[in-house]
Amino acid sequence: MKTEVMNLTKDNAALETRLAATVTDVEDLKVDSAAHEQELAALKTRLAASETGIDDLKVENAAQETRLAASEAEVINLTKENAALETRLAATVTEVEELKMDSAAHEQELAALKTRLAASETGIDDLKVRNAAQEAELKAVKTRLAATETEVDNLETITEKSKVAFSAGLPDAGFIWAGSNHLNLVFGRIITNVGQAYSSTSGFFTAPVRGVYYFRFTVMDNLDSRGMAINMFKNGQYLMGLYEYDNDGNYTYLSSGLTLQLEVGDEVNLRIPPGHRVYDDHNKYCNFSGFLLFPL
């Protein structure tokens, strides 16, 4: 019995030990439970925060899904637009190839046109050279023609002016005295005056053209122991003179001729020397004549 009691006592001591240990464990568990409750509260707080975050994420995810749907729609549209662009690009590439072919053809045509243009320009240059030569020749021909026309006009003028011939006599004046000075003898009675080179007013012959002229004159006086004389002048310069003395009281003539080379405007006339005279009446003894032999 004692043994059993002892055993029971031992068991009881063991149980108390175990109970003490259990109490200790319980206390520890209480401590752990309090810690776990705190941790659980923290976890709940974190869970609540996570749930809030999840809600926010759900909202954001919904927005992203909406945006994704819009992006997918935009991608679809971009895909369609890209396909259209690819179609247009293919058409553009084809058009570019055609344009390249056209450009090559145009370049060939342009090269041909340049060749033709160069040939045309060369031809134009040749034509310009020929035209310049023709113009020079035409100018020379015109110059020659003008010179010829001028020469013809001059020849016509000379031909017209070369028709020069005159004869004139003294009026029925009787004796014509010189007095103490030379007297210009004016043959005022015109017989012939082709070309109007002789003036019946001044008694001067004026050469209308350059040339060689022949002049001839005859004067008369009744000499009775006296002399008679006549002189020819050119431009106021003495050329020649004739003199005759007689005492028979009959008519005496002085007559001569002279060939002169005259310039245009040169003047020829006859003068009675001082102290001499000539005579004429209705019988017309005295005359002065001249004509152009040939122009120069």
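Q: Asp 172 first: buried or exposed?
A: This is a predicted model, and in it Asp 172 counts as exposed, at 51% relative accessibility. The cut-off for exposed is over 50%.

Q: Where does Asp 172 lie?
A: In the loop between S1 and strand S2 (174-177).

Q: And what is Asp 172 in contact with, leaving aside neighbours within four places in sequence?
A: Asp 280, Asp 281 and His 282. With His 282 there's a specific polar contact too: the side chain of Asp 172 reaches the backbone nitrogen of His 282 at 3.5 Å.

Q: What separates the C-alpha atoms of Asp 172 and Leu 19?
A: 212 Å, with the two residues 153 apart along the chain.

Q: OK, new topic. Asn 231, buried or exposed?
A: Asn 231 has a relative accessible area of 10%, so it's buried; the limit for that is under 20%. Its place is in strand S7.

Q: Which side chain does the Asn 231 side chain make a polar contact with?
A: That of His 182, at 3.4 Å. His 182 is also on the list of residues that Asn 231 touches beyond four places in sequence, and so are Tyr 238, Met 240, Gly 241, Leu 242, Asn 269, Leu 270, Arg 271 and Pro 273.

Q: Let's switch to S6. Why call it largely enclosed by the rest of the structure?
A: Because nine of its twelve residues (211-222) are buried.

Q: Which strands does S6 pair with?
A: S6 pairs with strand S9 (residues 251-262) in the antiparallel sense over twelve bridges. It also pairs with strand S12 (residues 287-295), again antiparallel, over eight bridges.

Q: Which residues are bridge partners there?
A: On the S9 side, Val 212 has Gln 261 as its bridge partner. On the S12 side, Tyr 214 is partnered with Phe 291.

Q: What about the largest nonpolar core, how many residues has it?
A: There are 35, and those with the most contacts inside it include Leu 185, Phe 205, Tyr 213, Phe 215 and Phe 288. Among the elements that give two or more residues to this core are S6, strand S7 (226-234), S9 and S12. S6 gives the largest share, five residues.

Technical notes: Residues are numbered from 1 along each chain as its sequence is written. This is a predicted model: local features need pLDDT of at least 70, side-chain atom pairs count only at pLDDT 80 or more; totals for chains, interfaces and linings use all residues. Side-chain values use heavy atoms; hydrogens and water are left out. Buried means under 20% relative accessible area, exposed over 50%, partly exposed in between (1.4 Å probe, protein chains only). Helices (H or I, at least four residues) and strands (E, at least two) are DSSP runs, numbered from the N terminus. Two strands pair if DSSP finds at least two bridges between them. A nonpolar core is a set of buried Ala, Val, Leu, Ile, Met, Phe, Trp, Tyr and Cys residues joined through side-chain atoms within 4.5 Å. A polar contact is a pair of N or O atoms within 3.5 Å; within protein, one must be able to donate a hydrogen and the other to accept it, and residues adjacent in sequence count only if both atoms are side-chain atoms. Contact means heavy atoms within 4.5 Å.
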